[in-house]
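Please look over the structure shown below. The report then takes up its main features in turn.

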Amino acid sequence: MFFEVRYSDLAGRIGKIKTPSGTIETPAFIPVVHPVSQSVDVEFLKKLGFEAVITNAYITLKQYGDIAREKGIHEIINFDGPIMTDSGGYQVLEYGTIDLEPSFIAQFEKDIESDICVPLDKPTGYGLSYEVAERYVDETIRNSKETLDLIKSNNNTNSIWVGPVQGAEHLDLVKKSAGLLDDMGYEMMALGSPVQLLVSYQFAILANIIATLKSTIMSKPIHLFGAGHPLTIPLAVALGCDTFDSASYILYARDNRYMHPNGTSKLDNLTYLACQCPTCISMTAKEFISLKDDERTVELAKHNLYVLRSEVLSVRQAIMEGRLWDYVAQKARAHPKLMEAFKLFKNYKYLEDATPLYKKKAIFFMESIDQYRPEASRIRRILSTFRTDKKKIVLFPDTEVSPFYCSQEYFKLSKKFSDYQICAYNPFIGMIPIEISDIYPVAHNVISKKKFNCNSSKDYPTFVSSLQEFLSCNFFDEILIVADDFMQGIIQDIQITSKNLKVIENSNGVIDQL
Ligand SMILES: [Zn+2]
């Protein structure tokens with residue numbers, strides 16, 4: 001296997017992609033290197049730990065032709081690690097068309113010994129009508145077929161060939177495109193041309209596109225073209241992109257834009273440099289601004305690369321610690337458009353598949369969106385299958401002591417209500433029968449102690465379903481609810497049909513008064 005996964009969280013994966021020129025640890029940011037005019041030395045990229053770079057095969061062909069065939073791409077751009085080559089699809093997006101056959105450029109990519117190759121595609125960009133987008137998808141599929149036929153006939157099995165998935169916001173085209181490329185035998189997928197979406201911060205549309213691709217192709221590695229913004233990296237990784245490339249470090253630098261963990265700022269507007277990279281600690285903001293144009297651009301590009309490096313490492317560490325959800329949630333607060341995309345996570349059932357069943361640390365529940373954490377959705381499903389023959393139930397707020405059966409409250413309740421089903425409740429997890437109150441993450445979560453308002457039922461639909469389903473699937477003649485603020489908000493809004501329903505406000509010593 002050329003791709004091995006070691007750890008995962010949400011759909012983010014720490015793994016290794018093996019290429020003929022070395023291994024790439026994922027998730028990986030792959031900086032764009034210009035084959036002719038590269039401003040930042042590739043040695044510097046390597047020093048920063050970027051294990052692979054991407055360059056453009058079309059420009060290389062136009063500029064070097066046979067020299068590139070003879071020397072190989074590694075010598076041309078002076079990088080001995082894994083090199084990915086884009087075939088020229090981006091030029092198609094920029095200039096409409098390019099004057100080459102797909103098989104010709106594929107042969108060239110093979111001749112220059114690229115490690116990860118992309119066939120010539122026809123990017124759909126964003127905003128095309130369905131009919132035009134479908135035509136582009138069909139053309140890309142034809143090109144990809146022609147490319148793969150050529151590669152197979154050459155017995156070239158070393159390089160990794162990447163299937164270019166097009167279709168953009170037309171999700172059924174994305175699905176069709178991914179399915180066909182998968183069937184053809186492409187080992188890796190690349191999501192084409194989201195640049196316009198990224199530039200206009202249309203993160204929610206991008207999230208839906210990635211989720212569609214990922215739901216179609218679960219196991220193969222996925223590359224995202226053009227993602228080099230500190231905010232998009234955690235989003236893309238969480239949704240399942242393993243590698244992503246961009247020239248953002250230099251493009252932003254040319255535009256005098258300084259990256260920071262939550263976005264970018266114009267360098268001229270900065271008074272302080274909070275970054276700890278060698279450039280930023282060696283000078284003040286004022287000194288940075290007053291550097292000569294060329295020098296400033298290169299220094300700014302280097303700083304931007306440090307920020308991207310830090311972002312990728314932070315995301316990897318979050319995966320290792322099982323905290324990718326929290327990390328994305330924190331990032332989502334940096335921009336409303338990212339929050340919009342984060343809120344869609346509740347629709348992506350596949351995020352559960354790669355989230356570990358058990359984590360070393362307790363998970364955090366802060367606010368209503370956290371009820372959709374994959375760990376919470378999964379445990380609600382398990383808890384909902386619980387059935388009891390008991391005819392009476394007492395519902396009690398989950399305690400600080402975990403599991404619930406170790407708490408003083410349970411000790412007292414079990415003495416007083418020995419023939420009752422005893423059940424704790426938790427706004428994020430739902431009903432917790434005492435018999436299974438020690439499974440993960442029922443006994444392994446921390447809840448923020450804020451007071452819940454009376455919109456509980458609207459804000460916590462998963463809790464309402466859990467409560468209603470639990471009561472309707474078991475047959476209780478008597479229901480006793482010790483209601484905290486949260487539960488009071490819930491039962492104000494919903495109908496509980498029982499001949500014998502008793503609700504008592506929770507307070508210190510409430511059990512003694514029951
Ligand atoms: Zn810096």
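## Overall layout

This is a predicted model. The protein has 514 residues, and 56% of them are buried. Its secondary structure comprises 24 helices and 20 strands. The C-alpha trace spans about 90 × 55 × 40 Å along its principal axes.

Two domains are assigned. Domain 1 covers residues 3–250, and domain 2 covers residues 363–513. Between the C-alpha centres of domain 1 and domain 2 there are 48 Å.

For reference, the ideal angle for four tetrahedral donors is 109.5 degrees.

Are Cys 277 and Cys 280 buried or exposed? Cys 277 has a relative accessibility of 3%, so it counts as buried. Cys 280 is buried as well, with a relative accessible area of 4%. The cut-off for buried is under 20%.

## Cavities

How many cavities of 30 Å³ or more does the whole structure hold? The search finds two. The largest cavity has a volume of about 80 Å³.

Its lining consists of Arg 380, Leu 383, Ser 384, Phe 386, Arg 387, Met 431, Ser 466, Glu 469, Phe 470, Cys 473 and Asn 474. Two elements give two or more residues to this lining: helix H19 (374–383) and helix H22 (461–473). H22 provides the largest share, four residues. By class, the lining of the largest cavity has five nonpolar residues, three polar ones and three charged ones.

Most peptide bonds are trans, and most residues other than glycine have a negative phi. The cases in this section and the next depart from that pattern.

Thr 26 and Pro 27 are joined by a cis peptide bond, with omega about -10°. Pro 27 sits in the loop between strand S3 (22–26) and strand S4 (28–31). A cis bond also runs from Ser 402 to Pro 403, where omega is near -10°. Pro 403 belongs to the loop between strand S15 (392–397) and helix H20 (408–416).

## Positive phi angles

Leu 10 is not a glycine, yet its phi is positive, at about 45°. It lies in the loop between strand S1 (3–9) and strand S2 (12–19). Is Leu 10 buried or exposed? Leu 10 counts as buried because its relative accessibility is 1%.

Asn 78 is another residue other than glycine with a positive phi, near 60°. Asn 78 is placed in the loop between helix H4 (73–77) and strand S6 (83–86).

Leu 10 and Asp 353 are 343 residues apart in sequence, while their C-alpha atoms are separated by 7.7 Å.

Val 32 lies in the loop between S4 and helix H1 (42–47). Its relative accessibility is 24%, so Val 32 counts as partly exposed. From Val 32 to Pro 433 there are 401 residues along the chain, and the C-alpha atoms are separated by 54 Å.

Arg 6 is found in strand S1. Arg 6 is partly exposed because its relative accessible area is 46%. Arg 6 and Gln 166 are 160 residues apart along the chain, with 29 Å between their C-alpha atoms.

Conventions
Residues are numbered from 1 along each chain as its sequence is written. This is a predicted model: local features need pLDDT of at least 70, side-chain atom pairs count only at pLDDT 80 or more; totals for chains, interfaces and linings use all residues. Side-chain values use heavy atoms; hydrogens and water are left out. Buried means under 20% relative accessible area, exposed over 50%, partly exposed in between (1.4 Å probe, protein chains only). On a 1 Å grid over the protein atoms alone, a cavity is a set of points where a 1.4 Å probe fits but cannot get out, and a pocket is an open set with protein on both sides within 12 Å along at least five of seven lines; lining residues have an atom within 4 Å of a point. Grid points are joined across faces, edges and corners, and a volume is the space filled by probe spheres set on the points. Ala, Val, Leu, Ile, Met, Phe, Trp, Tyr, Cys and Pro count as nonpolar, Asp, Glu, Lys and Arg as charged, and the others, Gly among them, as polar. Domain bounds come from an automatic or database domain assignment.
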